[in-house]
Amino acid sequence: MTIVIGFEGSANKIGVGIIKDGEVLSNPRRTYITPPGQGFMPSDTARHHRAVILTILKEALDEAGLKPQDIDCVAYTKGPGMGAPLVTVALVARTVAQLWDKPLLGVNHCIGHIEMGRLITKAHNPTVLYVSGGNTQVIAYSERRYRIFGETIDIAVGNCLDRFARVIKISNDPSPGYNIEQMAKKGTQYVELPYTVKGMDVSFSGILSYIEETLFSMLVEITERAMAHCGSQEVLIVGGVGCNLRLQEMMGVMCEERGAKLFSTDERFCIDNGAMIAQAGWEMFRSGQVTELEDSWITQRFRTDEVEVTWRA
């Protein structure tokens with residue numbers, strides 16, 4: 001039996017989750033929400049995280065019915081993400097690991113999403129579409145790496161949606177992307193927009209109008225191309241934008257046409273959370289990985305394919 005606690009705070013979500021051998025014991029989370037028309041600044045976001053992280057830590061332990069001595073390993077988000085929030089969470093995780101005398105593990109945020117998706121959906125070896133505020137990648141596993149087959153060459157899809165929401169003053173509560181999705185359901189007219197797929201990569205920076213359908217079509221196209229390259233019959237959508245039901249619907253149509261299967265999760269696990277860091281940390285810890293204190297820094301740029309995946313065959 002191995003129990004891992006995970007700390008996530010790479011953007012405007014702060015969460016602490018606990019995993020025991022594939023079971024989510026707790027996963028409390030808070031979101032820093034700014035007024036309509038405004039984004040979230042790193043310093044303000046870090047201040048929010050500092051104010052609530054110890055409360056969330058207590059909630060996670062209480063909900064799981066555990067004490068510090070029950071924890072086997074402390075995992076935290078090493079990157080990628082916003083510098084100040086990442087530092088805030090890393091400092092708390094390092095302190096907790098030393099106070100509790102537990103090993104520490106720095107986790108790649110993107111791999112946290114993938115491993116949480118694999119755990120919840122039971123997808124075996126899927127082509128992964130990772131879509132969030134800061135990242136847009138099509139990923140497949142091969143030879144101990146999560147290989148990036150395609151990605152955005154400018155801004156991420158979530159960032160594009162967020163910027164669009166700010167331009168037209170859509171509320172940030174509970175999230176800009178969710179509110180755009182609800183408004184799009186009432187739409188009746190498709191507006192032709194720039195459709196920029198360059199090989200396996202996409203470009204979103206020029207699209208700041210009625211955008212949802214075109215963005216998602218581009219993502220479905222490059223995901224299908226990666227599936228064909230890998231001979232894959234599974235798609236797993238992860239990341240905060242992965243909650244979008246229209247994206248899931250469009251990807252589902254493509255999968256059905258190919259005789260493939262679509263896997264996705266709901267907002268509990270696709271939006272940034274502590275349990276996903278705990279799950280990736282659980283996999284890493286069980287395969288013998290630890291992070292020494294002197295190596296427990298953070299990095300805003302930490303690519304998915306930099307990590308050796310020692311826990312998969």
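Visitor: How many salt bridges does a search of the whole structure find?
Guide: First, a word on the model: it is predicted, so local features need pLDDT of at least 70 and side-chain atom pairs count only at pLDDT 80 or more, while totals for chains, interfaces and linings use all residues. Residues are numbered from 1 along each chain as its sequence is written, and side-chain values use heavy atoms, with hydrogens and water left out. A salt bridge here is a side-chain nitrogen of Lys or Arg within 4 Å of a carboxyl oxygen of Asp or Glu. By that rule, the search of the whole structure gives 13.

Visitor: Which residue forms a salt bridge with arginine 30?
Guide: Arginine 30 lies in strand S4 (residues 29-31) and its partner in helix H1 (residues 42-64), so the pair ties together parts that are 29 residues apart in sequence. Helices (H or I, at least four residues) and strands (E, at least two) are DSSP runs, numbered from the N terminus. The closest N and O atoms are 2.4 Å apart, and the partner is glutamate 59.

Visitor: How far apart are the C-alpha centres of domain 1 and domain 2?
Guide: The bounds come from an automatic or database domain assignment. That assignment gives domain 1 as 3-113 + 272-306 and domain 2 as 125-269. Between their C-alpha centres the distance is 25 Å.

Visitor: What area is buried between domain 1 and domain 2?
Guide: Buried area is the accessible area (1.4 Å probe) that two parts lose on being put together, summed over both. Carbon and sulfur atoms give 51% of the area here. On the domain 1 side, His113, Thr304 and Asp305 supply 28% of what that domain buries against domain 2, more than any other three residues. The area for the two domains is about 1,600 Å².

Visitor: Which residue forms a salt bridge with arginine 29?
Guide: Across the interface of domain 1 and domain 2, the rule finds two salt bridges. For arginine 29, the closest N and O atoms of the pair are 3.0 Å apart. Its partner is glutamate 267.

Visitor: Which helix gives the largest share of the side of domain 1 that touches domain 2?
Guide: By class, this side has seven nonpolar, nine polar and four charged residues; Ala, Val, Leu, Ile, Met, Phe, Trp, Tyr, Cys and Pro count as nonpolar, Asp, Glu, Lys and Arg as charged, and the others, Gly among them, as polar. The largest share is four residues, from residues 109-121, helix H3.

Visitor: Which residues does the UniProt annotation "binding site" cover?
Guide: The annotation comes from an unreviewed entry; positions are given in the numbering used here, feature names are shortened, and annotations may be inferred rather than shown by experiment. The annotated residues span 164 residues in sequence, yet no two of their C-alpha atoms are more than 12.1 Å apart, so they gather at one spot. One of them, histidine 113, has its place in helix H3.

Visitor: What is phi of aspartate 101?
Guide: Aspartate 101 lies in the loop between H2 and strand S6 (104-108). Its phi is a positive value in a residue other than glycine, near 55°.
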